[in-house]
Amino acid sequence: MPLKFAANIHKMFTEIPLFADRYAAAKRAGFLAVECVMPYDRSMEEIAAAREEAGVEHVLMSSHPGDIAAGDRGIAALPGREEEFRETLELSISYCKALACKRMHVMSGKIPPHAEGERSALLKKMEDTLVENLKYAAERFKKEGIMAVIEPINDRYTIPNYFLTRQDQAVEIIKRVNNDNLKLQLDIFHVQLVHGDLTRIIKEVMPFVGHIQVAQAPGRNEPSLKGEINYDYIFDVLEGTGYDGWIGAEYIPTTAKTEDSLAWFEKLK
């Protein structure tokens, strides 16, 4: 089955200043779908109209991150902020519905500062908090026809001190939540930086996967760039699993114009 790719319009087409205009740019480049990170600083009505006019699907977005200026990168795993999580989830749902988006990445958040002897207890409390918040989110999303996904993110380069970093950690949390409306967001870039061992991990976690993202390592650039990952091979592996969902191209083009970085995409259309 041919692989389906969505353009991440937070990282691609950034040469176009107006975010809303990137929907049409992605369509002109041949993408039938897009994804984004956090759209909350933009007019819901404006971007919803732009998506509809461009005629592309919006297949993934992230939940409200909390207070970005204060360092938040999600709050789902942060003890004591459960009420805030539920409140901001409603804003996330509003944006998701306006964009006709069917998947929401629920961001776990960063490990707070702590005394050296407190780490083990803190991590256990964060996991328990995340599980309970995901139980709530998965059920709340189900009522709106939205799938919840969680993404392990490397904590060395992308988000230092991020709580959820490993694929096995995420799978265990998904098992604890035990709701068919919670899946894994498998970002091959992060798998390479945290684990390596791509073939085995992809095949092992595929039963839990609800969305996939790709970029070359170590610089998060286009898949066709020389780097640590052989994407000709990885795309064959993904096809071999029978995965039929969307694959987000979440990369930073090395070219001035995004369209000049799309040789890999043209080959796979």
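Tutor: What follows is a close look at helix 5 and then at the parts around it. This is a predicted model, where local features need pLDDT of at least 70 and side-chain atom pairs count only at pLDDT 80 or more, while totals for chains, interfaces and linings use all residues. Residues are numbered from 1 along each chain as its sequence is written, and side-chain values use heavy atoms, with hydrogens and water left out.

First, the big picture. The protein has nine helices and eight strands (DSSP runs numbered from the N terminus, H or I of at least four residues for helices, E of at least two for strands). Its C-alpha atoms fill a box of roughly 50 × 40 × 35 Å along the principal axes. The radius of gyration is 18 Å, which agrees with the value near 18 Å for a compact globule of 269 residues (taken over C-alpha atoms; the rule is 2.2 Å times the number of residues to the power 0.38). Of those 269 residues, 54% are buried (under 20% relative accessible area; exposed is over 50%, partly exposed in between, with a 1.4 Å probe and protein chains only). Among contacts with a separation of 6 or more, 76% join residues 24 or more positions apart (contact means heavy atoms within 4.5 Å).

Now to helix 5, residues 167-177. Its buried residues are Gln 167, Gln 169, Ala 170, Val 171, Ile 173, Ile 174 and Val 177. They pack against helix 4, strand 5 (147-150), strand 6 (182-187), helix 6 and helix 7. Start with Gln 167, which counts as buried because its relative accessibility is 3%. Setting aside neighbours within four places in sequence, Gln 167 touches Pro 152, Leu 184, Leu 186, Val 191, His 195, Ile 201 and Val 205. Just after helix 5, Asn 178 takes a positive phi of about 55°.

How does helix 5 sit against helix 4? The axes of helix 4 (residues 119-144) and helix 5 come within 9 Å and cross at roughly 55°, which makes helix 4 oblique to helix 5. On the helix 4 side you'll find Glu 127, Asp 128, Leu 130, Val 131, Leu 134 and Lys 135, meeting Ile 173, Arg 176 and Val 177 of helix 5. By class, that contact has five nonpolar, no polar and four charged residues (Ala, Val, Leu, Ile, Met, Phe, Trp, Tyr, Cys and Pro are nonpolar, Asp, Glu, Lys and Arg charged, and the others, Gly among them, polar).

Leu 198, Thr 199, Ile 202 and Lys 203 of helix 7 make the contact with Tyr 233, Ile 234, Val 237, Leu 238 and Thr 241 of helix 8. The tally there is six nonpolar, two polar and one charged.

The loops here have some backbone details to look at. Asp 197, in the loop between helix 6 (188-194) and helix 7, has a positive phi of about 55° without being a glycine. With a relative accessible area of 42%, Asp 197 is partly exposed. In the loop between strand 7 (209-214) and helix 8 sits Pro 218, and the peptide bond from Ala 217 to Pro 218 is cis, with omega near 15°. For background, most residues other than glycine have a negative phi, and most peptide bonds are trans.

How values were computed:
Axes are lines fitted to C-alpha atoms, for helices over the stretch in contact, and angles run from 0 to 180 degrees between N-to-C directions. Angles under 35 degrees count as roughly parallel, over 145 as roughly antiparallel, 65 to 115 as roughly perpendicular and the rest as oblique.
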